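Hi,

Here is the structure I promised to pass on to you. Have a look at it first, and then read on for what turned up.

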Amino acid sequence: FPAVFSPHSLTYSSLEQSPRWFRHLSRPCSRGAAMKGIARDARPTAREVAQRGVAMEVALIAGTRPEIVKMAPVREALAAFPEIRTTWIATGQHADLAEQTLDVFGIVPDRKLSLQWKTASLPSLAARLVETLAESFAETRPDLVIVQGDTASAFAGATAAHLSQIPVGHVEAGLRSGDLANPFPEEGFRRMITPITDLNFAPT
């Protein structure tokens, strides 16, 4: 999945304002060199690295079948770097469909959230999901949170990470219909995720 890590697929408002690990991706280099640079500079302190045994913690948020399909290659690519540890957080947005898709890729989520997706309203679900994910991030303290697409799970994951002062990566960033009502609520989610994202991985 090399395109995900291409410097040409990333945007940042100001290189000077970007995290140190982002600057490795902004320089022409191989994917391996870029990710090793991220892993080296993202770690808060040498003591924390020694305690954790890895240089970088990455949380992957997925709740729907399309998210799983598109995040599975990201997880596989990150697994090639022993200094990076991933945590897969399943939000349960698609429930049975998600479970089937996870089985296809042989993924066992590290965390499963228990929310009433079928009965709760979208506003209450989004609020509860942001709160639950923020609690998870407070416990695990990932160095980067990656979300995909324009779902409620992606929006809540990005929002919870931003409010927790954790960098956000957005896979399949930049899609727009130009109409907030179509598709709803996905178009709004897309637009709200972009301003709080540190790494935008455009699909083309």
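Among contacts in the protein with a separation of 6 or more, 63% are between residues 24 or more positions apart. Please keep in mind that this is a predicted model. The protein has 8 helices and 6 strands, and from the N terminus on the order of elements is α-α-α-β-α-β-α-β-α-β-α-β-α-β. Of its 204 residues, 50% count as buried. The accessible surface is about 10,200 Å², with 54% of that belonging to carbon and sulfur atoms.

Now to the inside. The largest nonpolar core has 24 residues, and Ile61, Ile89, Leu133, Phe137, Val145 and Val147 are the ones that touch the most other members. Two or more residues each come from strand E1 (56–62), helix H6 (122–140), strand E4 (144–148), helix H7 (152–163) and helix H8 (186–193). H7 gives the most, with 7 residues. There is also a second, separate core of 21 residues, and Ala62, Ala90, Ile107 and Val171 are among them. As general background, nonpolar side chains in soluble globular proteins tend to be buried together.

Leaving aside residues up to four places away in sequence, Val147 touches Ile61, Met71, Ala154, Gly157, Ala158, Val168, Gly169, His170 and Val171.

If you like ring geometry, the count comes to 1 aromatic pair. Phe155 and Phe189 are stacked, at 5.0 Å centre to centre and with 20 degrees between the planes. This pair links distant parts of the chain, since Phe155 sits in helix H7 and Phe189 in helix H8, 34 residues apart. Phe155 has a relative accessible area of 16%, so it is buried, the cut-off being under 20%. Phe189, at 6% relative accessibility, counts as buried too.

Finally, a word on helix H5 (residues 96–105). Which of its residues are buried? They are Ala98, Thr101 and Leu102. Seen down the axis of H5, these buried residues fall within an arc of 105 degrees, so they line one face of the helix. Their cover includes helix H4 (65–78) and strand E2 (84–90). On the face of H5 turned away from the buried side you will find the exposed residues Asp96, Asp103 and Val104. Just after H5 comes Gly106, which takes a positive phi of about 65 degrees.

Enjoy exploring!

Best wishes

Technical notes. Residues are numbered from 1 along each chain as its sequence is written. This is a predicted model: local features need pLDDT of at least 70, side-chain atom pairs count only at pLDDT 80 or more; totals for chains, interfaces and linings use all residues. Side-chain values use heavy atoms; hydrogens and water are left out. A nonpolar core is a set of buried Ala, Val, Leu, Ile, Met, Phe, Trp, Tyr and Cys residues joined through side-chain atoms within 4.5 Å. Buried means under 20% relative accessible area, exposed over 50%, partly exposed in between (1.4 Å probe, protein chains only). Helices (H or I, at least four residues) and strands (E, at least two) are DSSP runs, numbered from the N terminus. Contact means heavy atoms within 4.5 Å. Rings of Phe, Tyr and Trp (its six-membered ring) pair if their centres lie within 6.5 Å; planes under 30 degrees apart count as stacked, over 60 as edge-to-face and the rest as tilted. Accessible areas come from the Shrake-Rupley method with a 1.4 Å probe; for residues, only the protein chains shown count as cover. The arc is that of the directions from the helix axis to the C-beta atoms.
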